[in-house]
Structure formats: C-alpha cells, structure tokens
Amino acid sequence: MKMGKLPTSLRAAASISRPKIAPSSLVSESSSPTPAKTRLSAISPRTRDDGESSRTPFKSPDLSAAKSLFNSMVATPDLRLHNSFLQSYASISTLGDSISLLRHMMKSHPTFSPDRSTYHILLAQSCRAPEPTLAGVHRALNLMSADGFAPDKVTADIAVRALSSSGRIDHALQLFDEMSLKHSVPDSYTYNFVVKCLCKCRSLSMVYEFIDKCRSSLGLKPDLVTYTIIIDNVCNTKNLREITRLVGVLGEEGFKPDCFLYNTIMKGYCMLSRGSEAIEVYNKMRENGVEPDLVTYNTLIFGLSKAGRAKEARKYLKIMAEKGHVPDVVTYTSLMNGLCRERDVLGAYALLEEMKESGVEPNACTYNTLLHGFCKAKMMEKGIELYGEMKAAGMELETAAYATLLRALCRQGKIADAYEVFDYAVESKSLTDVSAYSTLESALKEVNKHRE
Amino acid sequence: MLPPRMKQAITDNPKKLANLIDLVNLPTPLRDFMGQSQTSRLGCFMRVWSYIKENKLQDLNNKNVINCDEKLRSILLGKPQVELAELPALIKLHFPKKPN
C-alpha cells in the first residue's frame, strides 16, 4: 500500500487495527485464566480504542473535517486502512456521523466496498454509547442487513461483549435473545461470556434461569467452561453445598474435569478450610489421570495450612518436588503461614532460609507472614529484626502484621518504637493514614487500660 | 481503593471514621497552634506528632516521654511532661463527641 502520503498518526492506527476477529481464530475458553483474559482484551473494542485514542488522527468529532481528511488521503485498495480510519472516527463521534462518513467513503471511492468488519465497527460504537434503549444497536444491525451482511455469530459476540463492557448487561441479555430469534444462535463463547457476566453481577438463580432458558429454547448446553465459571463463582461465595451439588452434576452429565476445573474445585474447599475434601480432589485427579500442576500443589498447601494441617502440607511440598514441580514464593509463604498458625514460628523461619537456598526470593507477603508470626508468639527480638530488614528493603506492611507489631510493642512499653512503626507505615503508604492511626490509637488505649 | 478490612470498619461504624476525619472548628488555643481554624482529629494528631519530632521534644533518656515546650503545653492541659501513650487521648479532649 502507499503509505507515503498518510498522516503518521493514521499509519500507526492502521498497523495495530485488525479486522474483527473471525470465529475460527477465537481461542477456546481456555483452562487457565490468563489466556481467557487476553482473549477478552483482544476482542473487546473498548480496549483497542484506548490504545488508539492517543494516535487518532481526529482532533474533533466534526463530520465535514473528517470527510475532507478522507478526501485528502490517497485512494488505496487496502480495506484495513478504510476500516481503521472509520474506527478512529467512531471512537470520538456519534453513530449518525459515523454512518454518514461511511456513506461518504463509499460514494467518493467506488473502489472501497465495506466488509463485515466495517459494520462491526459501527455496531461496537452503538453498543458503547450510554443509551437507555437498543435503538442505536438496531440501527447498526439494520444497516448491516440492508447492505447485504446478515448478522452472524461474530456480530452477536461483538455486540454482547461491547454492551456488557459498557455496563449495559440488561441490553446485552435482550440482544442475546433477539439475535437467537432473528438471526443465528450465538456460539458457546458468547454464551459463556454471558454466564460469566451474570455470575459477576447477578444472582446465581438468574444464572441458572439463563442456562435453563438456553437449554430448552435454543438447544445451547452448558459445557465444561460454563461449569468452571459457575463453580469458580460459587467457590468465591463460599457456598459449600452448591459446590458439592455441582460436582455431582458434572459427574452425572459425563464431563471429565480438566486440571483447571479440579484446581477451581479444590480452591473452593480450601477457602472453606476443608482440608480432607481438598486432598480428596487431589486423589481423584490422580485417579482420573489428570496430572496436578504447580497451581494444584500451591492450592493444596495453602488449604492444608489454613486448615491447621501444616505437617501434611509439608509432606506435599516434598511430593511436588519429587514430581518435578519447583515450589515458588507462594508455596513457601503458604506453608510458613500454616506453621505460624501452629505457633511453630521457628520452623517457618527455617523455611525462609530453605527457600533462599533453593533460589526463591521471598517477597513482602513472606516477610509480613513471618513478622505477624513472631509478634504473635511474643518473640519480639526476632520480630524487630525482621521489621528492620523489611524497612531497609522498602517493603510495605500488611494490615494484620502492622497491627500485631504495634500491639506487641505497646504491650512491652516501647511506645516510641510503636510511633516509629506508625511513621513508616504512613511514609511507605502501606496503609491509609486513617487505618494506620486507628490501629495506633486502639493499641495505646489497650495499654492505658491495663495500666490503670 | 480501601483495603477490605477498612471497608468493613467503615460499614460497621461510619461514625467512628467520621469523627476522625471530619473537619471541625477548632477552639482558640488549638487554632493558634495549628495556624488554621479548621482541621480533623487525624490532621491535628499528625501535626502535633510532627511538631514533636521537628523540635526534638522526646526525652533523651526515655523516648516515651515528651518534654513539652510552651506551645505544646498550651494545648496539652499545661502539663510539663506528657507520655507518648496518652497523646491521642489528650488530643481527643479538644474534639468533643458530636451530639446525635
């Protein structure tokens, strides 16, 4: 393409803006949370716009200026360029103006014929507008159909994602229904996305209602990803009975959980301090031939430590090393937390040396855990030493460790030292001034009460 | 973003937080010390504590004790010596509880 005469700003936009992603290139809702997120940001028009806004060639949403800018550009057969031009304008203009610009582009350059993604730009724009109805979205969809592009699964996906990322969840649901009635039934990616949204901002009963409705009227069935999303949500609300029920349903429907789902289920049990159930999940994984990964072991060790079974947690540290997984800072810190809970602070401290020896760098969380442990166990010398190290490294204090340290110092009559810790907490912005002060005040109050 | 624990504290007891950070019209002696007519209890404590540090008023032999200078005495009940531990309580005296 002839890049020479283009404004630099637009060239940059053209190079990063791709035509809308086709369904074939959609990665499956992957088992680990990170790829799922990347996929979301790759498709969400909003994220992409943010990147472009700094490079947009438009300074104002004025339509005639946009038209003349377009005329000043050379006619180029590259569709991507036209689309990114329109996209840049759409990010700052109204839907009506964007449609007029598209019409102008088609009229003045007969070589340019818009494709599906051109209309998706307009659709995404209409979804982002904070409107009380779906009128704008319908306008974009009708325009699309009128110009010979019947809305398909990708259209539905783009619209639903754009609507919900703009906080228009009800509209997204409404559109989901409309699309399945009028056009094609949305695919499982859109379906799972809606389930995820509902989990996040609606009640569980609404999620089930949606799933039942899709199953009966559209033939869309929940898949492994759907169950993973729901179970993860249920785990976060600490609803043990529902977790157990869902795990049962999974078996009945004949799903074979993958490592990620097992980890999610295990996390649920661990958050409720159900050590035995967590171990059961681990054993079931191995029975079913799913190899536990680093996350599995970290979850298990965290859960057992939380449930006051640090000895067993330590056993799994050994097992994971034997299986070739390298324990990381999370593994060690969880275990230290467990040991501190059982008042074995020295054991936890020994673990610090052990982890350093094996080349794992402790972080602020590790130090806070130990500091908390030492203060609780009234081993202030070690505690103060540790605090010194943290201060030298500029580490932030966590609320619990800070409060325990203050209380311990005050109880020993080291009021000036407590004030010094307060200063450090404020200075390092570990806590807000308010919570740092409230803690100091109540620690002092406690001491004064004892003195009287 | 507030830490969850603190959010909890606020929702549990919004009044407690309010009387810590709400601006209050100061009584005259405190007004002279602060050099402003309005401040919150937290702001006042921070100011007094940094005044102590700046002027090195902590006793050299016992850092838990403050040797008040004249200015400090005027706001801390006229005491020549004050313990660090009672500082928040003494400052609180200037901020009477608001009636409901």
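Keep in mind throughout that the model is predicted.

**First stop: H6 and H8 of chain A**

Select residues 95-108 of chain A, which form helix H6, together with residues 135-146, which form helix H8, and you will see two axes that come within 11 Å and cross at roughly 15°. Angles under 35 degrees count as roughly parallel, and H6(A) and H8(A) are therefore roughly parallel to each other. To see where they touch, show the side chains of Leu95(A), Gly96(A), Ile99(A) and Arg103(A) on H6(A), and those of Gly136(A), Arg139(A) and Leu143(A) on H8(A). Sorted by class, the residues of this contact are three nonpolar, two polar and two charged.

**Second stop: H9 and H11 of chain A**

Next select residues 153-165 for helix H9 and residues 188-201 for helix H11, both in chain A, whose axes come within 9 Å and also cross at roughly 15°. H9(A) passes H11(A) in a left-handed crossing. On the H9(A) side the contact is made by Lys153(A), Ala156(A), Asp157(A), Val160(A), Arg161(A) and Ser164(A), while H11(A) contributes Tyr189(A), Thr190(A), Phe193(A), Val194(A) and Cys197(A).

Now move along chain A to helix H19, residues 329-341, and helix H20, residues 345-357, which pack at an angle of about 165° with their axes 7 Å apart. Because angles over 145 degrees count as roughly antiparallel, H19(A) and H20(A) are described in that way. The crossing of H19(A) past H20(A) is right-handed. Among the residues that meet here are Tyr332(A), Leu335(A) and Met336(A) from H19(A), and Ala348(A), Leu351(A) and Glu354(A) from H20(A). The contact of H19(A) with H20(A) consists of eleven nonpolar residues, one polar and one charged.

**Last stop: where chain A meets chain B**

Finally, display both chains and look at the interface, where 21 residues of chain A are in contact with 22 residues of chain B. Together the two chains bury about 1,800 Å² between them, and 67% of that area lies on carbon and sulfur atoms. Select Tyr419(A), Val434(A) and Tyr437(A), the residues of chain A that lose the most area to chain B and that together account for 35% of what that side buries. Two salt bridges are found across this interface. To finish, select Glu441(A) and Arg41(B), which form a salt bridge whose closest N and O atoms are 2.7 Å apart.

Key
Residues are numbered from 1 along each chain as its sequence is written. Chains are lettered from A and ligands numbered from 1 in the order in which they are written. This is a predicted model: local features need pLDDT of at least 70, side-chain atom pairs count only at pLDDT 80 or more; totals for chains, interfaces and linings use all residues. Side-chain values use heavy atoms; hydrogens and water are left out. Axes are lines fitted to C-alpha atoms, for helices over the stretch in contact, and angles run from 0 to 180 degrees between N-to-C directions. Helices (H or I, at least four residues) and strands (E, at least two) are DSSP runs, numbered from the N terminus. Angles under 35 degrees count as roughly parallel, over 145 as roughly antiparallel, 65 to 115 as roughly perpendicular and the rest as oblique. A crossing is left-handed if the near helix is turned anticlockwise from the far one by less than a right angle, and right-handed if clockwise. Contact means heavy atoms within 4.5 Å. Ala, Val, Leu, Ile, Met, Phe, Trp, Tyr, Cys and Pro count as nonpolar, Asp, Glu, Lys and Arg as charged, and the others, Gly among them, as polar. Buried area is the accessible area (1.4 Å probe) that two parts lose on being put together, summed over both. A salt bridge is a side-chain nitrogen of Lys or Arg within 4 Å of a carboxyl oxygen of Asp or Glu.
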